Amino acid sequence: DQSLRTWLCGGRIVVAKGAFVAHMWRDPSKPETRLKYPMPTKDVMRNKARAVNAWMGNFVNKTLSFPEYSDFRAGQWSIGDMENFRSVQQRLKCKPFESYLQHFSHIYVDGGLLPEQVFQIQDRRSGKCLERTPK
């Protein structure tokens, strides 16, 4: 949410000289990387769904069609009130998500991360397609 807000609302992210930025990955074999507090999956997914809804514009429906968001689509989980995001976007005159993709097209398009074609693999006998499901 914060990086998308920064890029879409007129800010920029720069590297400070001498700065080191890292992300710690959790490794079950290393106790020092263990989570020190509870983080319910429902809360994590709600935060992701809120960020998607706030910043991804025309890509919201596609993103929320992924299996891990099925509880939101079914109305079992709510993302809550999004008015605070809308007011921030209006006040800061934020650009649409498409501008983010255009700004970073050298990564997403030129880097081959966005496929030219999308297809499903279908079993000829059953007619069923492979489907991605969350863990």
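Select α2 to begin: this helix has 15 residues and reaches 21 Å from its first C-alpha to its last, close to the 21 Å expected at 1.5 Å a residue. The expected span is 1.5 Å times one less than the number of residues in the helix. Helices here are DSSP runs (H or I, at least four residues; strands are E, at least two), numbered from the N terminus. The model is predicted: local features need pLDDT of at least 70, side-chain atom pairs count only at pLDDT 80 or more, and totals for chains, interfaces and linings use all residues. Residues are numbered from 1 along each chain as its sequence is written, and side-chain values use heavy atoms, with hydrogens and water left out.

**Along α2**

Stay on α2 and colour its buried residues: Met45, Ala49, Arg50, Ala51, Val52, Ala54 and Trp55. Buried means under 20% relative accessible area, exposed over 50%, and partly exposed in between (1.4 Å probe, protein chains only). These buried residues pack against α1, α3 (60–64), α4 (70–73), α5 and α6. Just after α2, select Gly57, which takes a positive phi of about 50°.

**The core**

Next, select Trp55, Tyr69 and Tyr100. Of the 21 residues in the largest nonpolar core, these three touch the most other members. A nonpolar core is a set of buried Ala, Val, Leu, Ile, Met, Phe, Trp, Tyr and Cys residues joined through side-chain atoms within 4.5 Å. The elements that give two or more residues to this core are α1, α2, α3 and α6, and α2 gives the most, with five residues.

Zoom in on Trp55. Which residues are in contact with Trp55, leaving aside its neighbours within four places in sequence? They are Asp1, Leu4, Arg5, Leu8, Cys9, Phe85, Gln89, Cys94 and Phe97. Contact means heavy atoms within 4.5 Å.

Move to Thr63, found in helix α3. Thr63 counts as buried because its relative accessible area is 12%. With neighbours within four places in sequence left aside, Thr63 is in contact with Val52, Met56 and Tyr69.

**The disulfide**

The cut-off for a disulfide is a pair of cysteine sulfur atoms within 2.5 Å. The pair links distant parts of the chain, 85 residues apart: Cys9 is in the loop between α1 (2–8) and α2 (41–55), and Cys94 is in the loop between α5 (83–92) and α6 (97–103). The link is right-handed, with 100° about the S-S bond. A search of the whole structure finds one disulfide. Cys9 counts as buried because its relative accessibility is 14%.

Now select Lys93, in the loop between α5 and α6. Lys93 has a positive phi of about 55° although it is not a glycine. Most residues other than glycine have a negative phi. Lys93 is exposed, because its relative accessible area is 68%.

**The rings**

Finally, show Trp7, Phe59, Phe97, Tyr100, Phe104 and Tyr108, which ring pairs link into a cluster. Rings of Phe, Tyr and Trp (its six-membered ring) pair if their centres lie within 6.5 Å; planes under 30 degrees apart count as stacked, over 60 as edge-to-face and the rest as tilted. How many aromatic pairs does a search of the whole structure find? The search finds eight. One of them joins Tyr100 and Phe104, a tilted pair at 5.0 Å centre to centre with 55° between the planes. Tyr100 and Tyr108 have ring centres 6.2 Å apart and planes at 45°, so this pair is tilted. Tyr100 is buried, with a relative accessible area of 15%, whereas Tyr108 counts as partly exposed at 24% relative accessibility.
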